[in-house]
Each structure stands twice: as C-alpha cells, then as structure tokens.
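Subject: Structure for you to look at

Hello,

Here is the structure I said I would pass on. My notes on it follow below.

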Amino acid sequence: MRTNNVSSVFLLFIFLFTSGMTMAQYDGSAHKQSVDQWKERRVSSLLKTDGWLSLAGLWELKEGRQRFGSAKDNELIFPDHVVDYLGVLDKRGDEVYIEAVPGQEILLDDKPVLRTWMGNGEQENGRIFTHKSLSWYLIMRAGKFMIRLKDSESAVLKNFHGIDYFDLTEEFFFKARFEAYTQPKPQIIPNIISGIEEQEMIPGAVVFEYKGKSYRIDALDAGESYFLIIGDATSGEETYGGGRFVYVKKPGEDGIIDLDFNKAYNPPCVFTPYATCPLPPAQNLLPFAIRAGEKSWGH
C-alpha cells in the first residue's frame, strides 16, 4: 500500500509543531514559554540544509527517458551550478531508473551509481541521490510520479531572515474537544498543485466555542496528534491564501484538547513553488479572522 497520504507526509513534523502545555486554566507565562519554544523548533527545522527552504525543483515524470542537468533543453532543468547534462531518468511503466552521464558522479548512500533502480509507484522508498549540494528523490502524489530536488546552497535558504507573527494572544487559545464520527468519512483534500487530490478518511472534528458560537474543524489522524488544515478571514490578506496548518495533541481522559492558533503555521508552499501542499476543505474555512500564529511570508 502506498504511504503518500496527507497525514503520513506531515507525520514527520508533529514533534516540531505540537504543544506541551495542558493546564486546566490559562497561564500566560507558561503559554508564552511554550509558543517561544515552538517558534525556535519551527525556525530550526526550516534552516536545515535539507528542509523546506532547500527545495529547488519539482517535476512530474513522463513515460520514457528524460535528461537532467543545467542545460535549458533538458526535461528537468537543474540549477546553474551543475553541468549541462548530469544524467537521465527513465520511467518504464511503474518503475523508474536513473543513470549518470559517464564521468559525472551521482551518489546513492555515498556510493557512485551508473544505472540503478530509483523507485516505483507502490511507495516512497527513501532512495536519495546526490551530486555536490543537490539531492533528489521520487515522490508519489495522486498517482503521479514526481521528482523533488533539494539544494543545500539554495538562495532561499541562505537569505532566510525569519517569520512574522501576530502578537501572542489568549483570545485564540481554546480548550476544545474531539467529536468522533460514527464512521470515518471520506474527504477529498485538494492541493495547491493543479490536478492533485488525495482522498483521506476523517475520524472526527475538533470542536470549540468562540464568541458564543460553536465551530468545527475536520481533523486528519496523525498518530498521537490531529492535523488541521484551516483557512480564515485573514487568508490571502494577512496570512497565506492557501491556508495554514495546526497540530493538536489527542485528548487524554478528560477529553480536552488544547487548540492553540498561536501555533498556526504556513505550509511550505508559502516559501517555495516546489512543494505540494494540501488546501483546507470547504468545511474548515472559518468565517472569522484568526490573528494569531504565522503571518504570510515574502511576496
């Protein structure tokens, strides 16, 4: 079974974006400390040499042989600091192979390769190929074979100067609850990349009260947490138009969830055009402005 659903993609990042504060009553000092620590982990993650800021390319593979390198007549055009023709990707049905141009060192597990298997349509297998500052690998999105390229010398990574945030506020910290559906319901999750949609099973909704009204956010199961994809009245203005993400820890015996929009963060698509980011389903578009968490970034 493929492991490329939305919840599994983001499962790796739960520990970066969840809170350790589970107090019965609001404690402003502890809240600030928790959010500050979350911000530090968030920025540290982005600044990794193989983090989201290092993305340098994204291509859908077609059937047959496709050249890659810096030359403009390649099907996959790599950054200018590599040679014109570095290698070939060869898609044969559900199998993908890679071969290096003789004399060009492409590595897998620090060992040079000539022609070798790269992956297939069954799963993302983690075979990462490298050349100098570049690394690339096969991903699957809605049945599409895609190559994701990273560059540890990316200009976006080198020129990153932090994220803008709304002021910390108690207004958007809620003691919420989780309401499970009788049966998990199927939900099509749209994507910023046209033509990519994933069907997920929604186990239930995070429910909270704001200004006398009850609101629901359909949640994706992410192990020990729930993953929320939201939009609100700031989307496209003060915050990213494609929405933001929030993780919440699953409730304990008291059934209470700490829902903290001060930890609402931007999807990677706000930093780079080379990411595949899920968009909030219609029922997760909240009708009020959530002026908490990360603001939009750059242009």
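Arg 65, Asp 90, Arg 92, Glu 99 and Arg 115 are joined to one another in a network of salt bridges. Please keep in mind that this is a predicted model.

Charged pairs

Side chains of opposite charge can pair when their charged atoms come close. The count here comes to 19 salt bridges.

Glu 99 is buried, at 19% relative accessible area, where the cut-off for buried is under 20%. Arg 115 is partly exposed, at 43%.

Another salt bridge joins Lys 91 to Glu 63, with 2.9 Å between the closest N and O atoms. Lys 91 sits in strand β4 (residues 87-92), while Glu 63 sits in the loop between β1 (55-60) and β2 (64-69), so the parts tied together are 28 residues apart in sequence. Which of the two partners is buried, and which is exposed? Lys 91 is the buried one, with a relative accessible area of 10%, and Glu 63 is exposed, at 51%.

Arg 67 also forms a salt bridge, in this case with Asp 73, and the closest N and O atoms are 3.4 Å apart. Arg 67 is partly exposed, at 33% relative accessible area, and Asp 73 is partly exposed as well, at 43%.

Sheets

The chain has four helices and 17 strands. Five of the strands make an open sheet with mixed pairing, in the order β3-β2-β4-β5-β8. The edges are β3 (76-77) and β8, each with a single partner strand, so one side of each has no neighbour in the sheet. Inside this sheet, β2 and β4 pair in the antiparallel sense over five bridges.

Another open sheet has six strands, in the order β1-β11-β10-β9-β6-β7, and its pairing is antiparallel. Here β1 and β7 (111-112) stand at the edges with a single partner strand each, so one side of each is left without a neighbour in the sheet. Strand β6 (residues 107-108) pairs with β7 in the antiparallel sense over two bridges. Leu 108 is placed opposite Lys 111 of β7.

In soluble globular proteins, nonpolar side chains tend to be buried together. The largest nonpolar core in this model has 25 residues, of which Leu 46, Phe 227 and Phe 271 touch the most other members. At least two residues of this core come from each of α3 (28-46), β14 (213-222), β15 (225-230) and β16 (244-249). The most is given by α3, with three residues.

What does Leu 46 contact, leaving aside its neighbours within four places in sequence? Its contacts are Gly 51, Trp 52, Leu 53, Leu 157, Phe 160, Ile 163 and Phe 271. There is also a second, separate core of 24 residues, with Leu 86, Val 96, Ile 98 and Ala 100 among them.

A loop residue

Ile 128 is found in the loop between β8 and β9 (129-131). Ile 128 is partly exposed, with a relative accessible area of 40%. Leaving aside neighbours within four places in sequence, Ile 128 is in contact with Leu 107, Leu 108, Asp 109, Ser 135, Trp 136 and Tyr 137. Ile 128 and Leu 107 are 21 residues apart in sequence, and their C-alpha atoms are 8.5 Å apart in space.

The chain as a whole

Of the 299 residues, 53% count as buried. The chain exposes about 14,300 Å², and carbon and sulfur atoms supply 50% of that area. Among contacts between residues at least 6 apart in sequence, 60% join residues at least 24 apart.

Regards

Notes:
Residues are numbered from 1 along each chain as its sequence is written. This is a predicted model: local features need pLDDT of at least 70, side-chain atom pairs count only at pLDDT 80 or more; totals for chains, interfaces and linings use all residues. Side-chain values use heavy atoms; hydrogens and water are left out. A salt bridge is a side-chain nitrogen of Lys or Arg within 4 Å of a carboxyl oxygen of Asp or Glu. Buried means under 20% relative accessible area, exposed over 50%, partly exposed in between (1.4 Å probe, protein chains only). Two strands pair if DSSP finds at least two bridges between them. A nonpolar core is a set of buried Ala, Val, Leu, Ile, Met, Phe, Trp, Tyr and Cys residues joined through side-chain atoms within 4.5 Å. Contact means heavy atoms within 4.5 Å. Accessible areas come from the Shrake-Rupley method with a 1.4 Å probe; for residues, only the protein chains shown count as cover.
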